[in-house]
Amino acid sequence: MFWRRVSDWPASGLTSPFEELERMRRQMNRLAEGLTRAWEEPAAGVFPLMNVTEDKDNYHVRAELPGLKADGLDISVTGETLSIAGERKLSPEDENAQYHRQEREAGRFNRIISLPGHINTGKVEAHCTDGVLRVTLPKAEEAKPKQIQVKAS
Amino acid sequence: MADTESKALQAKDKAEVTTPAEQTRPGLVFTPAVDIFETEKEITLLADMPGVKAKDLTIDLHDNVLSLDGDVESPEGADEVTVLREYRTGKYYRQFTLSQVIDQSKIDAELKDGVLRLRLPKVEAATPRKITVKSS
């Protein structure tokens, strides 16, 4: 009787004394998988996800925005941050359309990302092709690495 | 399904293809998000495939199986160093089984801004003919 009651949590109807252990093992496996995935890609959790790269003269920020055209985006920069806002609309289809699947989402987004260094706000360029937005931000002169000559005296 | 107020878009990780089909080239393969709906005349499929150009998209249809295969060029230049990487890039692949109802010779595909619109017209149903009875 007592054994029954203890092993009743979280669900009733256990058939074998090992079933509770099996369930715990499966949950631990799931937790472990969740941990390793989270460490591979830290997601900010804000749409759109961005990749930032840099080369000698510029920072490049890329975001995947399928279905968005260049004029639907509102991009602004300050000395160290880039802000991207817009709205993704799904094109209105026939009213009598019956959906089998709907996996694409629509909605607004507004995200600010801060950059590792100062940028020259006057020369920022943005291109949006094939649903990928690429913003090229030239580094400010003082942020570029400068070679220092070592004088032999 | 018209909302008067748009809600905020949520960020989602891209779904990787779970069944490992053999690939000739190494790289990640993702499943594109897809909307499928049908009207009286046709079935329309909309797929999000950002970064895929029309020339890199292969749509294959045989044995009633429709395969979408979109190749993505690596967007970063050779001398760029990664500062932050929140999403991965890779090709897109998805397969669907079509029913016999599709007129396979009239399928239309359009890729714009990273969204593929695939129109699959249904076979014209046998038009019912009225048969008049002549009285002699």
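**Working through the model**

Tutor: Asp113(B) is partly exposed, because 18 other C-beta atoms lie within 10 Å. The terms go like this: a residue is buried if 20 or more other C-beta atoms lie within 10 Å of its own, exposed if 12 or fewer, and partly exposed in between, with C-beta atoms placed from the backbone.

Student: What should I know about the model and its numbering?
Tutor: This is a predicted model: local features need pLDDT of at least 70, side-chain atom pairs count only at pLDDT 80 or more, and totals for chains, interfaces and linings use all residues. Residues are numbered from 1 along each chain as its sequence is written, while chains are lettered from A and ligands numbered from 1 in the order in which they are written.

Student: Back to Asp113(B). Where is Asp113(B) found?
Tutor: In the loop between S9 and S10 of chain B. Helices (H or I, at least four residues) and strands (E, at least two) are DSSP runs, numbered from the N terminus. Asp113(B) is not a glycine, yet its phi is positive, about 55 degrees.

Student: And Asn64(B), what is its phi?
Tutor: Near 65 degrees, a positive value in a residue other than glycine. Asn64(B) sits in the loop between strand S5 (57-62) and strand S6 (65-70) of chain B.

Student: Why does Asn64(B) count as exposed?
Tutor: Because Asn64(B) has 12 C-beta neighbours inside 10 Å.

Student: Thr58(B) next. Buried or exposed?
Tutor: Exposed, with 11 other C-beta atoms within 10 Å. Thr58(B) belongs to strand S5 of chain B. From Thr58(B) to Glu124(B) is 66 residues in sequence and 27 Å in space, C-alpha to C-alpha.

Student: Now sheets. Which strands form the open sheet, and in what order?
Tutor: Five strands, in the order S5(A)-S3(B)-S4(B)-S10(B)-S9(B), with antiparallel pairing. Two strands pair if DSSP finds at least two bridges between them.

Student: What stands at the edges?
Tutor: S5 of chain A and strand S9 (108-112) of chain B. Each has a single partner strand, so one side of each is left without a neighbour in the sheet. The twist averages 15 degrees from one strand to the next. For such angles, axes are lines fitted to C-alpha atoms, for helices over the stretch in contact, and angles run from 0 to 180 degrees between N-to-C directions.

Student: How many bridges join S3 to S4 in chain B?
Tutor: Five, between strand S3 (residues 34-38) and strand S4 (residues 42-48), which run antiparallel. S3(B) and S4(B) form a hairpin with three residues between them. Val34(B) stands opposite Ala47(B), and Asp35(B) stands opposite Leu46(B).

Student: What about the other partner, S10(B)?
Tutor: S4(B) pairs with strand S10 (residues 115-121) of chain B over seven bridges, in the antiparallel sense. There, Leu46(B) has Arg117(B) as its bridge partner. S4(B) is mostly covered: five of its seven residues are buried.

Student: Switch to chain A. What is its secondary structure?
Tutor: Two helices and eight strands. From the N terminus on, the elements run α-α-β-β-β-β-β-β-β-β. Buried residues make up 20% of the 153 residues in chain A.

Student: Which residues touch the most other members of the largest nonpolar core?
Tutor: Tyr59(A), Val61(A), Ala63(A), Leu82(A), Leu133(A) and Leu137(A), out of 18 residues. A nonpolar core is a set of buried Ala, Val, Leu, Ile, Met, Phe, Trp, Tyr and Cys residues joined through C-beta atoms within 7 Å. Strands S1 (50-54), S2 (58-64), S4 (81-88) and S8 (132-138) of chain A each give two or more residues to this core. S8(A) gives the most, with four residues.

Student: How do the chains meet?
Tutor: The contact takes 44 residues from chain A and 36 residues from chain B. Two residues are in contact if their C-beta atoms, placed from the backbone, lie within 7 Å. S1(A) and strand S7 (residues 81-85) of chain B run antiparallel, joined by four bridges. In S7(B), Arg85(B) is the bridge partner of Asn51(A).
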